[in-house]
Amino acid sequence: MVGGAAFFYRLARRSESDFFLAGRSLPWWLPAASVFSTHTATDTPMWITGTVYAHGLRGLWYTFFAGWTSVAAFVSARIYRRALAMTQAEWQVVRFHGLGAELLRGWIAGWQVFMNMFILGWVGMAMGKVGALAFGWPVWYGLVIPSVITAFYTLAAGYWGVVMGDFLQGIVAIFAILLVSWVGIVAAGGPAGVVDGITGMGEAWRLDSMAFTGWLSGDFPVVWWATMLVIAIVGGFGMGTSIDWYVEAQRIQSAKSVRDAAYGIWWGGAITLARNGIWAAAILAFFVMAPGITDPAEYELGWFRLGFELLPAGLIGVFFAAILAIHFSTISSHLNLGALYFTRDLYQRYLRPDASERSLVWMGRAATAVLLLGSFAYGLMMENITQWLIFALWLMMAGIWLPNILQVVWWRFNSWGYLASWIANLGVAWLVVWILPAFGVIPVLPDYLQFWSLMALGALVFFPATFLTKAEPMDHLVHFYLQTRPIGWWGPVKAEARRRGLLDDEPTAAHSGPRPLIRRTWTPEEADAWSREDWIAIVLSPVIMGLGMIGAANACLGRMSGLWQLALATGLGLVMFWVIDPKLKAVSVEYELQQAKYLERLERQMRWSRQGESDNGENV
Amino acid sequence: MDRGLVTVIGMSIAYVASFLGMWMAWYGWKRRHVTGEAEKVDLKKVRGIGDGEVGS
């Protein structure tokens, strides 16, 4: 990593875009590796172990929130990549206009800077706990030392260092996950031994990924499972799962084309979910060897115990190196990302719009260092917080789940409605999650009811706020529409673009004669429109990821059903790529011809250039 | 401590950061629109616009 830092230092220092997006030049497999590596943190095995130990294979559905990538790859990633915004905060001024958009940009930048520090703190604490388990170190060793090492190459090489490190660390992590999981399963008597052991305990339900406790009752009702699927899959149409989405926003923008962005997100999500399945099988093996643990803090360390207690001495060093790799990849991503939000969205936009490229890169480095120090303080404050709390926090953002989607799919949704949803969510969350239950007005709600209540109460605020304020200026919306071609309800904007002669009524066709059932030859104009090929990918993609996740678990347990599920996922995947790939290629080629023009306009806006402001629509 | 209470407190701290960010946005907006202090940034000088791909 040190050698890599020296090598990529020269690239990273060229510009802000190089330091934070690797110059928007990456082939899809590098962002994919980065998605996987960033989502494989030191605390991730604890989280997966906790859910699977408590719920059996059905617990995998808690981890399916990564399934948002299945739809986002073909919808929101495509739209967002075309918007060219460096961050989700910058997206606000591309999508919305005026003061409302600026307030939202500052709002989201502040939120994300904090969230990155928060995540760095809790992931650092997880590393501290692993160091304590393995070597009896004081917790702060694990919190501080690996993060400082990571900061060295992140400061020097920026996102180039992050993404190249992620690729190497991802390979090491996959090797360690396969090795430790295999060793754990063998120690429990092999795949058949795990299945027989669990069945012999009278706990066969743990082997069933659809073992519901009823429609509405118990700790895993059908309605909760369906709610989690809706959150993940429908969220992919917009930026629904915002706590995950903003990390991937950087990967999407660093890809060299729209197609590379789509595939980077898709493969990153797919590998992450398959990994969860492999982990689940190993955790069931741990359950066979150590049943009946009731303290979550104890059973959450189950997968680490498999590694440290079962591997031979020589391999324990390799295992710890892999844990460090897992840790480095997450820390480096969040250090660079938090610095990006501070540098691009707060410092450059509001304090120093005339800053030179060199000073922006140095500000990025300074912000990285400050985030690191903040994360140490935060980490030490939340020693006993488990990822269940993060899950609860994620759930409590239900009030902005729908607005996160509406901002992509509905032309009339405006900045004031979106800002209202954020602010309302705080009050509504306090009311529903704590105040009303604490005073006995309502019972503590189950997770699914909490989600739908927060969403509905938030809607009572943001829909009126949207309709009581003006729509965004039509000039701005037309420009946004032409640049990003969003899916959903954009009829009036599309009609206005046609009226201005900016959009053809009938795009040039690649074929004469009737339309084939599956079109594989596209003109750029045809490819820009949403069609049945997109919908085939949108429907097949979550099915493939779900089958891949459950199939990986069942296959590792030696069950034929797992092999069938994986075979079906592979077959459907081939069909999906056969259908969607020609279209994504056509979209990418056409869009890249326009990209330089869009980037220049965005940069003028970013610098508050007067020309940029006059460009804000009148001449679209 | 109660899990719900801890979560809403954690969320509220994040909201403080958001309000700070929004205040900075208001400050930047006011400098350039309310007080009429429009920036005249020479983009060719700071980024080399016209010499290649901007922002990349």
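Which residues have the most contacts inside the largest nonpolar core?

A: This is a predicted model, in which local features need pLDDT of at least 70 and side-chain atom pairs count only at pLDDT 80 or more, while totals for chains, interfaces and linings use all residues. Residues are numbered from 1 along each chain as its sequence is written, and chains are lettered from A and ligands numbered from 1 in the order in which they are written.

The largest nonpolar core has 211 residues, and those with the most contacts inside it are A:A262, A:A280, A:A281, A:A282, A:I283 and A:L284. A nonpolar core is a set of buried Ala, Val, Leu, Ile, Met, Phe, Trp, Tyr and Cys residues joined through C-beta atoms within 7 Å. Buried means that 20 or more other C-beta atoms lie within 10 Å of the residue's own, with C-beta atoms placed from the backbone. Helix α13 of chain A, residues 258-289, gives the most to this core, with 21 residues. Helices here are DSSP runs of H or I with at least four residues, numbered from the N terminus.

Take A:I283. Leaving aside neighbours within four places in sequence, A:I283 is in contact (C-beta atoms, placed from the backbone, within 7 Å) with A:I48, A:T49, A:V52, A:Y53, A:G302 and A:W303.

Now the surrounding chain. Chain A has 27 helices, and buried residues make up 58% of its 620 residues. Among contacts in chain A between residues at least 6 apart in sequence, 79% join residues at least 24 apart. In helix α3 of chain A, residues 29-38, nine of the 10 residues are buried, so this helix is largely enclosed by the rest of the structure.

Notes:
Buried ≥ 20, exposed ≤ 12 C-beta atoms within 10 Å, placed from the backbone. Helix = DSSP H or I, 4+ residues; strand = E, 2+ residues; numbered from the N terminus. Contact = placed C-beta atoms within 7 Å.
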